[in-house]
Amino acid sequence: MLHEVEQILHAVLADADTASLWEAGRLVKAPDAAVGFTGLESAPGAAFPRRTVRPAVPAKEQVQPPKPDAEGRAAQARRERARAAQAEAAETAAEAERLEAAQAAAQEPADRAGVDVVAAEDDARAAGERLETARAASVDAAAGLKEAGRAAAKARTKAEAAARKAAKLTGPEE
């Protein structure tokens, strides 16, 4: 889950479209890994170089020193940002729980389907064994039929020979 949150934050920083979806609360899944963030990890003990970006503002338009009231507003803004970040973290945690519940609910039918597949495989294996038995019986029956055909032909030949012999014996004498 932590990896997915990191991936979302990297994508928000790297891609304006993803940032606008995230800001509008319409980001429905973690985007693909952001390009351009590799190699930013610091070496152990090294600090990131700090860059300050100064706007190109004419000298007379530069920011006035903060008034004492501005300091309170800045602190208030920080508190509001912290509350917003906490609310977003809570929403993300709730979404994670919802997704985990959905995954658990989807797991049950998948498990049942797995059991059904195993049963179907067992049935297929048993049917294959019955088919092999039937084929062997068919081969045996075909051999028996062939043998019976030969025996019938032999018996027919003997019967015809006996009939001829009987006809000779009972026939008119010349």
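The model is a predicted one, so local features need pLDDT of at least 70 and side-chain atom pairs count only at pLDDT 80 or more, while totals for chains, interfaces and linings use all residues. Residues are numbered from 1 along each chain as its sequence is written, and side-chain values use heavy atoms, with hydrogens and water left out.

Helix α1 covers residues 2-14. Helices here are DSSP runs of H or I with at least four residues, numbered from the N terminus. With its 13 residues, α1 reaches 18 Å from its first C-alpha to its last, close to the expected 18 Å; the expected span is 1.5 Å times one less than the number of residues.

Which residues of α1 are buried? They are Gln 7, Ile 8, Ala 11 and Val 12, where buried means under 20% relative accessible area, exposed means over 50%, and partly exposed is in between (1.4 Å probe, protein chains only). Looking down the axis of α1, these buried residues fall within an arc of 135°, so they line one face of the helix. That arc is taken from the directions from the helix axis to the C-beta atoms. Over on the other side of α1, Leu 2, His 3 and Leu 13 are exposed. Part of what covers the buried residues is α2 (16-24).

Gln 7 sits in α1 and has a relative accessible area of 19%, so it counts as buried. Leaving aside residues up to four places away in sequence, Gln 7 touches Pro 31, Asp 32 and Ala 33, a contact being heavy atoms within 4.5 Å.

Now for the charged pairs. Side chains of opposite charge can pair when their charged atoms come close. A salt bridge is a side-chain nitrogen of Lys or Arg within 4 Å of a carboxyl oxygen of Asp or Glu, and the count comes to 5.

One of them links Arg 125 to Asp 122, with the closest N and O atoms 2.6 Å apart. These two are 3 residues apart in helix α3 (residues 68-170), so about one helical turn separates them. Arg 125 is partly exposed at 48%, and Asp 122 is partly exposed at 39%.

Arg 135 and Glu 132 also meet in a salt bridge, at 3.3 Å from N to O. Being 3 residues apart in α3, they too are separated by about one helical turn. Arg 135 is partly exposed at 47% relative accessibility, and Glu 132 is partly exposed at 46%.
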